[in-house]
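Please read them with the structure open.

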Amino acid sequence: MVARPGVRLARIESVLVALVLLLYFVHRIPQVAFFPDESQWIYSSVAFEQFVKLRWSSPVWNEHYWTLTQPPVTRYVIGLGRRLGGYTTVNAPWRFYLTQEENVERGAMPSPGLLWWSRLPMAVLAALSCWAWYLWLRQAFGRASAWIWLAECLVSSYWSKTLGKAMAEAPVLAALTAAVWVGQRALSSNSRRVALAWLLVFGLLAGTAGAIKLNGLALVGSGLLLAGAVARRGSGSLRSRAAFIGAVALLLTTAALVAFVLWNPFLYRDPVGRGIKMFEQRLNEMEQQASDYPTAVMPAGWGRWTTLLFDLARKDAPLPLAALLPVNLALALIGLWRLLRGASDWLAGHHAQPLHLVVVAAVAGTSIPALFSRLDWQRYLLIPELLLMLLLAISVGWLSDRLFSIGRGMCTRPAAA
């Protein structure tokens, strides 16, 4: 069966967009300024070889700082990248109490080649994630929104800098993006059994996201919200719906915990005890960071929210212009209205794209932990910034379509006799 010209054109457009995004993020690899945390991530990526060779008894998995701090999946991604580049040895870890010159002398600065190959998987994951969102926005909201999203990805310095480092941000974005795809499949299913299977996969991705960054486990709550949405829209008695939600809650949570543990051999001996220690370590480390960097501590009360609004809609926005702050906030509200309206339509059983509801449950849901962070560090706001960029693309695309329709109507209106 031969595809219609419009379908062929859309496919060509999709391929070209994917290539543009990939070339852009790869081209940006050497242009992103080095961040000292990258040194520690690359150093600890030696866990990759131990993991793929199934060496569970390796000293790498003993209890120490590197196993108690953030989980290891990002280290595997970095390890894969450097091994593709032929790098089997790594730099020493960066010591923040030393000067940059002292760290360079002790070998803590990765070589340009090692840094490039460690960042390459991040560029690929960033490009794939942005491409997926481009396709979904085009399908759910139209071509204008998709192209606005693409422009945001290409002009946002925050986006390219944050996703371009050999750190956890690009992998956690990729895990969230994969979960959004799975969530759409679950909501599109005509059978609760099929939806249950997809939500089980969602749970595995939630556990994987948690094995990248601990707050990725917030996706478990998103999965439960999607289970409630499936039950709400489906038929059957209240009892059967409650039984479905209960089954999903049990299986999804179990799948998330299993994935979270399987990715991390440190947890094999004592998943509960060592898991608690990881969360305690994270809390203690954040307390220490707040003590070491008092100027980065979020203000209390209303000051937190004004700071967050400024960071998201001004400092980290695709176009960080002061004059655009109120404009971005207004456009975000329009986009949120469009998103919530679409989610409401889907819940009501109307013909609507499931993406609306999945974005509300998954992206907005996983944004919440970042909004309550004690530290005003840009990389912590990755998911909230993703949500803002999506809202801007949705609203600007919708307004563009409305203006185009009005202009076309005025041009085609018959002249008065």
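1. The helices named in these points are DSSP runs of H or I with at least four residues, numbered from the N terminus. The model is a predicted one. Gln184 is found in helix H10, which covers residues 169-188. Its relative accessible area is 10%, and because buried means under 20%, Gln184 counts as buried. Leaving aside residues up to four places away in sequence, Gln184 touches Trp136, Pro354, Leu355 and Val358.

2. Helix H2 runs over residues 36-43, and six of its eight residues are buried, so the rest of the structure largely encloses this helix. The buried residues are Asp37, Glu38, Ser39, Gln40, Trp41 and Ile42. What covers these buried residues of H2 includes helix H4 (65-68), helix H5 (73-84) and helix H7 (112-141).

3. Leu19 has 43% relative accessibility and so counts as partly exposed. As background, an α-helix has 3.6 residues a turn, so residues three or four places apart point the same way.

4. The count of aromatic pairs comes to 18. In one of them, the ring centres of Phe34 and Trp94 are 5.6 Å apart and the planes stand at 55 degrees, so the pair is tilted. Phe34 lies in the loop between H1 and H2, while Trp94 lies in the loop between H5 and helix H6 (100-105), so the pair ties together parts that are 60 residues apart in sequence. Are the two residues buried or exposed? Phe34 is partly exposed, at a relative accessible area of 23%, and Trp94 is buried, at 5% relative accessibility.

5. A further pair is formed by Tyr293 and Trp377: the ring centres are 5.6 Å apart and the planes at 70 degrees, so this pair is edge-to-face. The pair links distant parts of the chain, 84 residues apart. Tyr293 is in the loop between helix H14 (271-292) and helix H15 (302-315), and Trp377 is in the loop between helix H17 (355-371) and helix H18 (382-412). Tyr293 is partly exposed, with a relative accessible area of 37%, whereas Trp377 is buried, with a relative accessible area of 18%.

6. Ring pairs also join Phe51, Trp56, Tyr76, Trp263 and Tyr268 into a cluster.

7. The charged end of Arg233 sits over the ring of Trp346, at 4.4 Å from its centre. Arg192 lies over the face of Phe244, 5.6 Å from the ring centre.

8. The last point concerns backbone geometry. Most residues other than glycine have a negative phi. Which value does phi of Leu54 take? Phi of Leu54 is near 60 degrees, a positive value in a residue other than glycine. Leu54 has its place in the loop between helix H3 (47-52) and H4. With a relative accessible area of 56%, Leu54 is exposed.

Note on methods
Residues numbered from 1 in each chain as written. Predicted model: local features only at pLDDT ≥ 70, side-chain atom pairs only at ≥ 80, totals over all residues. Heavy atoms only, no water. Buried < 20%, exposed > 50% of the residue type's maximum accessible area, 1.4 Å probe, protein only. Helix = DSSP H or I, 4+ residues; strand = E, 2+ residues; numbered from the N terminus. Contact = heavy atoms within 4.5 Å. Phe/Tyr/Trp six-rings, centres within 6.5 Å; stacked < 30°, edge-to-face > 60°. Lys NZ or Arg CZ within 6 Å of the ring centre and 35° of its normal.
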